[in-house]
Amino acid sequence: MPSFHAVILALAASATVVLGHGHVRRVIVDGVTYPGYERWATKDQSNAVTWSFTTEDEGPVPVSSINGPDIICHQNAKNAPSSVQVAAGSTFQVVRFNTIGGFEHPGPEMHYLASCGDAGCTEVDKNNLKFFKIYEKGLVQGGMADSPDWNTQKWATTEIHKNVQPEGEGFIDTYIVNIPANIKPGQYVLRHEVMGLHKAQLGQAEFYPQCVNLEITGSGSQQPEGMPATEMYHSSDPGVALDIWVDLESYQIPGSPVCSIASKRDTGMETVVRHHARAHAHKTHQRDIKHELPKLTA
């Protein structure tokens, strides 16, 4: 029989994972709402603008899969049947939903675009998509990790999460996406991605990509080359393999640099991480267990 201590740690780990699960519930452009794919919905979803996926618990893509097809648009992702029309140079909202607290994990937020070419986004082979980064934000303020408040060590995701709102049976976090003004019009896949670094010290950084079909209008002429999502990250990258449970003063955001057609706004701290001298690589952080441990009933 497992010890009580082992049971407690297992429950804490389970709670930590679930707190980050979720999906893009909707996209809002100029006050118009476009529905996202709902994993458990029984209604018709022919107007969904986000790519479908098969993750039962809406969990992350693990480090072990970051060079495989699941990192592109999530597990077994398939093309969305509809798209969002958005003007070059405009701003819109991506709303992520989670049943347990919203997206509470500390980590970066990244936006990528990939042209769908002549195939169109409803038919394009995801393995042929080449993404260029249009936005990134990582460590906003350095310091000691202070979960659950994140008022000392601040991240792109934790700052967004401070505005979390209840909705129905769960919670929503709202992210802002800006489309470059000079981008060539056409059909693109937006790859909206957040990461959870709470277990990165164990080699378990978490990736949460979601894809949205866009029809970008305008008169621009720029279309960067991009790269396959399967080549963006490596398990040894400084922004993937690190311990945030230290006095962290800087952070290197993984993936390609922000492309030249996007203004490099609010990119946070991007230099190489500096660690405290003490080793934290395989410690269980008690503050997380205290915060995220489910209540036990007799």
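Trainee: Is Glu169 buried or exposed?
Mentor: Glu169 is exposed, with a relative accessible area of 55%. Keep in mind that this is a predicted model.

Trainee: Which residue forms a salt bridge with Glu169?
Mentor: Arg25 does, and the closest N and O atoms are 3.9 Å apart. Arg25 lies in strand 1 and Glu169 in the loop between strand 10 (165-167) and strand 11 (170-178), so the pair ties together parts that are 144 residues apart in sequence.

Trainee: And Arg25, buried or exposed?
Mentor: Buried, with a relative accessible area of 18%, where the cut-off is under 20%. Arg25 also forms a salt bridge with Glu38, and there the closest N and O atoms are 3.1 Å apart. Arg25 is in strand 1 (residues 23-29) and Glu38 in the loop between strand 2 (32-35) and helix 2, so this pair ties together parts 13 residues apart in sequence. Glu38 is buried as well, at 15% relative accessible area.

Trainee: How many salt bridges are there?
Mentor: The count comes to eight. One of them is between the side chains of Glu159 and Lys162, at 2.6 Å from N to O. Glu159 is partly exposed at 27%, and Lys162 is partly exposed at 37%.

Trainee: Which residues do shared partners join into one network?
Mentor: Arg25, Arg26, Glu38, Glu167 and Glu169, through salt bridges that share partners.

Trainee: New topic. How many residues are in the largest nonpolar core?
Mentor: It has 39 residues, and those with the most contacts inside it are Trp51, Phe131, Val189, Leu197 and Phe207. Helix 2 (70-73), strand 5 (109-115), strand 12 (186-196) and strand 13 (206-217) each supply at least two residues of this core. Another core, of 24 residues, lies apart from it, and Leu113, Ile179, Ile216 and Val258 are among its members.

Trainee: What is Phe131 in contact with?
Mentor: Leaving aside neighbours within four places in sequence, its contacts include Ile72, Tyr112, Val189, Arg191 and Met232.

Trainee: How many cavities of 30 Å³ or more does a search find?
Mentor: One, in a search of the whole structure. The largest cavity has a volume of about 60 Å³. Ten residues line it, and the closest to its centre are His21, Gly22, Arg96, Phe97 and Phe103.

Trainee: Which strand gives the most to that lining?
Mentor: Strand 4 (residues 91-98), with three residues. By class, the lining has three nonpolar, five polar and two charged residues.

How values were computed
Residues are numbered from 1 along each chain as its sequence is written. This is a predicted model: local features need pLDDT of at least 70, side-chain atom pairs count only at pLDDT 80 or more; totals for chains, interfaces and linings use all residues. Side-chain values use heavy atoms; hydrogens and water are left out. A nonpolar core is a set of buried Ala, Val, Leu, Ile, Met, Phe, Trp, Tyr and Cys residues joined through side-chain atoms within 4.5 Å. Buried means under 20% relative accessible area, exposed over 50%, partly exposed in between (1.4 Å probe, protein chains only). Helices (H or I, at least four residues) and strands (E, at least two) are DSSP runs, numbered from the N terminus. Contact means heavy atoms within 4.5 Å. On a 1 Å grid over the protein atoms alone, a cavity is a set of points where a 1.4 Å probe fits but cannot get out, and a pocket is an open set with protein on both sides within 12 Å along at least five of seven lines; lining residues have an atom within 4 Å of a point. Grid points are joined across faces, edges and corners, and a volume is the space filled by probe spheres set on the points. Ala, Val, Leu, Ile, Met, Phe, Trp, Tyr, Cys and Pro count as nonpolar, Asp, Glu, Lys and Arg as charged, and the others, Gly among them, as polar. A salt bridge is a side-chain nitrogen of Lys or Arg within 4 Å of a carboxyl oxygen of Asp or Glu.
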